[in-house]
Amino acid sequence: MTDPTPTAAGPVPAAALTVDGTGLLCVALLLRLRAEIAAAEPGTVVQVIATDPAAPLDLPAWCHMTGHHYLGPVHDSPDGTVYALQLSADARPTRSDAPWRTVRPTAGTEL
């Protein structure tokens, strides 16, 4: 299982994708994030701009749940509202109506 603590041992790598979640609360932020990373390749570094005070807790928890790698806050962001993650090849999808819940396999299917 993915550790929700930052994995970057120094500066966060340059982002290939930036998701602007300014003004969005948790659910809306996760919906936007999920939509914007849908076509991105595994290994892509994503920076998320998040002004929700719960983002420092929500983003690592969401990464832990889905299997993406939380890299931590971007320390050179001017107001401390930018966080980074790296997309995983084996990430677990989330429900379209509930981005904080992973999709469960239907009966009779293999995991």
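Here are some questions and answers on a predicted model of a protein.

Q: In what order do the elements of the protein run from the N terminus on?
A: Let's start with the parts list: the protein holds two helices and six strands. Read from the N terminus, they line up as β-α-β-α-β-β-β-β.

Q: What percentage of the residues of the protein count as buried?
A: To count as buried, a residue needs under 20% relative accessible area. The protein has 111 residues, and the share of them that passes is 35%.

Q: Which elements give two or more residues to the lining of the largest pocket?
A: The largest pocket holds about 240 Å³ of space. Its lining is made up of 17 residues, and the ones nearest the centre are Ile37, His68, Ala91, Arg92 and Pro93. As for elements giving two or more residues to that lining, they are α1 (26-37) and α2 (55-66).

Q: How many residues of the lining of the largest pocket are nonpolar?
A: Take the other classes out of the way: the lining has four polar residues and four charged ones. Pro counts as nonpolar here, whereas Gly goes with the polar group. On that basis, the number of nonpolar lining residues is nine.

Q: Which side chains meet in a salt bridge?
A: Side chains of opposite charge can pair when their charged atoms come close. The structure holds one salt bridge. Its N to O distance is 2.9 Å, and the partners are Asp97 and Arg95.

Q: Is Asp97 buried or exposed, and why?
A: The cut-off for exposed is over 50% relative accessible area. Asp97 has 52% relative accessibility, so this residue counts as exposed.

Q: What distance separates the C-alpha atoms of Ala28 and Pro99?
A: Ala28 belongs to helix α1 and is partly exposed, at 33% relative accessible area. Along the chain, Ala28 and Pro99 are 71 residues apart, yet the separation of their C-alpha atoms is 9.0 Å.

Notes: Residues are numbered from 1 along each chain as its sequence is written. This is a predicted model: local features need pLDDT of at least 70, side-chain atom pairs count only at pLDDT 80 or more; totals for chains, interfaces and linings use all residues. Side-chain values use heavy atoms; hydrogens and water are left out. On a 1 Å grid over the protein atoms alone, a cavity is a set of points where a 1.4 Å probe fits but cannot get out, and a pocket is an open set with protein on both sides within 12 Å along at least five of seven lines; lining residues have an atom within 4 Å of a point. Grid points are joined across faces, edges and corners, and a volume is the space filled by probe spheres set on the points. Helices (H or I, at least four residues) and strands (E, at least two) are DSSP runs, numbered from the N terminus. A salt bridge is a side-chain nitrogen of Lys or Arg within 4 Å of a carboxyl oxygen of Asp or Glu. Buried means under 20% relative accessible area, exposed over 50%, partly exposed in between (1.4 Å probe, protein chains only).
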